[in-house]
Amino acid sequence: MRIANLSGRLTLVLGERAVDVHDASDHRFPADPQAIYEQWEEFKAWASEADLKDAGRPYDAADLGAPAPAPRQLLAIGLNYREHVDEAGFTQPEDMPPVFTKFCSSITGPLSDVVLPEGGHTDWEVELVTVIGKAARRVREADAWDHVAGLTVGQDLSERVLQMSGPAPQFGLAKSYPGFSPMGPFLVTPDDFVDPDALELTCSVNGAEVQRGSTRQLIFSVPQLIAKLSEVLTLLPGDVIYTGTPAGVGFGRTPPRWLRPGDELISAIQGIGELRQRFVAA
Ligand code: ZN
């Protein structure tokens, strides 16, 4: 199953057709895409049984928003692919990867213009994003996928000057400028994939590929992350986890390559779709 946020309304996507869930369910389910994660199991059961053969209409991709536009928690994982750990010059995490937050005001949909912070060095990080569908506290790895509503594509845009300034890294702020957390275009349920633990992800700048990886290479897989994170905190329905980026970011290049006004960034994951960001001067 794939769902979307279409003009701010929860939508089931059936091929080329978009079905408004609030209307199609006779108002049983909310129109607010963020609210559905509180009723995820019930919604999934309804969607699998509802007769929607003739429902829906074509839609415009320009109207897509983030499938989880206002999570209570937006967590992000650092150093979760070996080659990226190497290019970043760190040692590999053993028990727990670095975990930080991106502030929710930075969330946008899949197609957007992003203002480059003045005097900054803005960089790309394509990432698989997990959205939680059932509260998770001390969840075992074997049960972790049951707590996932679905997967989407994310870009963890990062301004490296602020990130590296001061006595300790400023991950949270440097990755939270307006528009720095695009997500979409759809949320795809884990059962939709042949193997949800092996998804190819790519990123290109102006048509030239800069990142290519597979989530098979994650140091901490999605189930391991949910197990590790839920040992410490409670993951809530609708929470978003950016799972880390493969090698090929701008700061790992010689010389470094930062995003410039006019650049177009495309971030894609097999079986989900792509994000498209264009960068503009401040
Ligand atoms: Zn990242």
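Along the chain, the donors of the zinc ion follow the spacing E-x1-E-x28-D. Donors here are N, O and S atoms within 2.8 Å of the metal (3.2 Å for Na, K and Ca), and water is not among the atoms, so the site may look incomplete. The protein donors are E125 (OE), E127 (OE) and D156 (OD), at 1.9 to 2.1 Å from the zinc ion. Both E125 and E127 are buried, that is, under 20% relative accessible area with a 1.4 Å probe and protein chains only.

The model is predicted: local features need pLDDT of at least 70 and side-chain atom pairs count only at pLDDT 80 or more, while totals for chains, interfaces and linings use all residues. Residues are numbered from 1 along each chain as its sequence is written, and side-chain values use heavy atoms, with hydrogens and water left out.

The largest pocket holds about 240 Å³ of space, and 21 residues line it, with G78, L79, H84, Q163 and F171 nearest its centre. A pocket is an open set of points on a 1 Å grid over the protein atoms alone, where a 1.4 Å probe fits, with protein on both sides within 12 Å along at least five of seven lines; lining residues have an atom within 4 Å of a point. The lining divides by residue class as follows.

| Class | Lining residues |
|---|---|
| nonpolar | 10 residues |
| polar | 6 residues |

A55 touches R17 and V19, residues up to four places away in sequence not being counted; contact means heavy atoms within 4.5 Å. The C-alpha atoms of A55 and A45 are 18 Å apart, at a separation of 10 residues along the chain.

Notes
Buried < 20%, exposed > 50% of the residue type's maximum accessible area, 1.4 Å probe, protein only. Points joined across faces, edges and corners; volume = space filled by probe spheres on them. Nonpolar A, V, L, I, M, F, W, Y, C, P; charged D, E, K, R; others polar.
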